Amino acid sequence: MTAGTQETQAALPRHRLPAGILRGLARGAGGVAAVTRLVVAQHSKNVLAIRWLAELAEDVGHPQAALTRAALDALARLEGRAPEAVHRTLRDPMIGAWAMRTALRLHRAPSLTSQPGHLASVAVSAAARAGVPLSITLPGPVPGQHAVDLPTLGRAHLPPPRSGEHLSAIQARVEPGGRVELAYGAALLSLPTGLASDTPGWTTLPRFETASAGLAMRVRFDGTALAWPDDDRAETDPPSRADLLRLDAADRATLHRWHQRLAGGWDLLVRQHRRVAAETAAAITVIAPLRPPASGQSSGTFRGAFGCFALSLPPDDVTAAVTLAHEIQHAKLAALMDLVPLVRPGEARLFYAPWRDDPRPVTGLLHGLYAHLGVAGFWRRHLRAERPGQGRALAEVEYLRWRDACRQVAGVLRREPALTPTGEWIVAQLADVLGIWCRQDVVSDQARRAAAEIATRHRLRWTEQYGEGPSR
C-alpha cells in the first residue's frame with residue numbers, strides 16, 4: 001500500500017485463477033490452494049477500498065479528510081517497516097467491511113455521519129501489532145459515548161470529559177514495543193503492551209484456538225458494530241447488527257460454552273471432512289457471535305467481510321460442524337464473484353428456493369445452491385462415518401433432502417438466461433457433481449420417502465403464500 005494511486009495499483013498483483021483452481025471451485029471444492037488465492041485477492045480488494053475511501057473523503061470535502069489522508073500515509077510508512085503486520089491488519093474482514101461500506105456511503109450520498117477518519121484507528125492497530133512508533137490523531141468518540149475501538153484488538157474506555165466539554169479528537173501514540181497511549185483532553189489513558197489482556201480502561205476481543213489432528217482453527221470473537229456491513233450482504237440475509245452479541249472476556253462461563261461447542265464441531269469437521277476444515281482454517285479469522293434465535297441455529301456470511309462468519313451458539317457438535325461447512329461455501333462463492341461475474345446485472349425476478357421461506361433473486365439462488373451442495377456433501381460424508389442407528393438415519397435423510405433440493409435448483413438455473421457464460425458453466429459443474437452422487441449412492445426407500453415428504457411440505461407452504469411456479 002502506497003500513497004499514490006499509480007503506486008497503489010502497481011503494488012497490487014493482478015489476480016488470475018488457473019484453470020484447475022477454477023474448476024475445483026466450480027465443483028464446490030477447491031481446497032487450500034483455491035482459498036489462499038481468494039484470501040490474497042480479498043486483501044487487494046480491502047487495500048483498494050481504503051484508497052478509494054481516502055480519495056472520496058477529499059473529493060466530497062469531508063471534515064475528516066485530512067485525518068483520513070494522514071492515516072493512509074501512516075499505513076504506507078508502516079508497511080515499509082513492518083509489511084506483515086500491515087498486511088495482516090488490512091486483510092482483516094471487519095476492516096475490509098468497514099472500508100467498503102464507508103466508501104460506498106460517501107460515493108452514493110456524501111454524508112457527515114460517515115466516519116472515514118476511523119482509518120487512523122486502523123493505523124494504530126497495525127502499529128501496535130508491529131511494535132513500531134506512531135503518533136496520529138483519531139476522531140473523537142460519538143457524543144454520549146466514551147470508548148474508541150482499535151480494530152482487531154479491542155476497545156479503549158476513555159474517562160468522560162468535563163461537564164459540557166466535547167473533544168473532537170484523540171491523540172494516539174504508539175511507543176516502540178507496541179505500548180499505546182491515548183490523550184483525550186486533559187486525561188491520558190495508557191494501554192497494556194501487546195493489548196492482549198484486560199486492564200482498567202481496556203477490553204480485549206476474546207480469541208479462541210483449537211486443533212485436531214494437526215489442523216488448527218484460530219479466530220477472535222468480534223461483534224464490533226462499527227465495522228458491521230449492514231448493506232453488504234452475500235445474498236444470504238444473515239441477522240442484522242442488532243443481533244450481534246459482544247462477548248466479554250470476563251464472562252468465562254459463556255466463553256467456555258462457545259469454546260466447548262466450537263472445539264467439538266471442529267474436531268468432527270477435521271476427522272470426517274478434512275478438506276472442508278482446511279479451507280475453513282485458511283479463510284476464517286473472525287466469528288461474529290449472534291444472539292440465539294427463538295429456535296434452531298442462526299448464521300450468515302457477508303460479501304464484504306471475507307473471513308468472518310456470523311453464528312449463534314450451536315446446540316451441538318454436529319450443528320457447529322455443518323454450519324462451518326455451509327458458511328465456507330458462501331464465503332468462497334462471494335470471493336469468487338468479486339473476481340468473475342456469474343450473474344448479469346439488473347435481473348429482478350424471484351424464485352422458489354427449497355431452503356428458504358421467501359423468494360430469492362438469481363444471485364441468492366446461486367448462492368443457496370453452492371452452499372447447500374456443501375451441506376449435502378457434509379451429510380454424505382457423515383452418513384458414511386456413522387454407525388447404523390438414529391444418527392445414521394438422520395444423516396441419510398438430510399443428505400437426500402439437500403442433494404435433491406440442489407438438483408432441483410440446478411435444473412432451474414441451467415435454463416436461466418441471467419447467468420453469464422461462466423455462471424452457466426459453474427452450474428453445469430455443480431449439476432455434474434450431483435449427478436455422480438445420485439449414480440453412486442445407494443439409499444433406503446424409507447429415507448427417500450422422509451426427505452420427499454419434508455420437501456413437499458416446504459413447497460406447499462411456499463405455494464400457499466407466493467403461488468405456483470419457480471419464479472414470479
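Visitor: Which residue in β6 is the bridge partner of Glu181?
Guide: This is a predicted model, with local features needing pLDDT of at least 70, side-chain atom pairs pLDDT 80 or more, and totals for chains, interfaces and linings using all residues. Residues count from 1 along each chain as its sequence is written, and side-chain values use heavy atoms, leaving out hydrogens and water. In β6, the partner of Glu181 is Ser190.

Visitor: Which residue in the turn between β5 and β6 has a positive phi?
Guide: Those two strands make a hairpin, with two residues between them. The residue with a phi of about 65° is Gly185.

Visitor: Which are the edge strands of the five-strand sheet?
Guide: This open sheet has mixed pairing and goes β8-β9-β10-β12-β11. Ignoring direction, neighbouring strands are turned against each other by 25° on average. The strands that pair on one side only are β8 and β11.

Visitor: Which residue of β12 stands opposite Ser299?
Guide: β11 (299-301) sits at an edge of that sheet. Three bridges pair β11 in the antiparallel sense with strand β12 (residues 308-312). There, Ser299 faces Leu311.

Visitor: At what angle does α8 run to β8?
Guide: The sheet has helices packed on it (helices are DSSP runs of H or I, at least four residues). α9 touches β8, β9 and β12 (contact means heavy atoms within 4.5 Å), and its direction makes about 40° with that of β9. α8 lies across β8, β9, β10 (286-290) and β12, and its angle to β8 is about 30°.

Visitor: Are α4 and α5 parallel or oblique to each other?
Guide: Helix α4 (residues 65-81) and helix α5 (residues 83-90) pack at about 130°, with axes 6 Å apart. Axes are lines fitted to C-alpha atoms, for helices over the stretch in contact, and angles run from 0 to 180 degrees between N-to-C directions. Under 35 degrees is roughly parallel, over 145 roughly antiparallel, 65 to 115 roughly perpendicular and the rest oblique. The two helices are therefore oblique.

Visitor: How many charged residues has the contact of α4 with α5?
Guide: α4 brings Leu75, Leu78, Glu79 and Arg81, and α5 brings Pro83, Val86, His87 and Leu90. Ala, Val, Leu, Ile, Met, Phe, Trp, Tyr, Cys and Pro count as nonpolar, Asp, Glu, Lys and Arg as charged, and the others, Gly among them, as polar. By class that makes five nonpolar, one polar and, for charged residues, two.

How values were computed
Two strands pair if DSSP finds at least two bridges between them.
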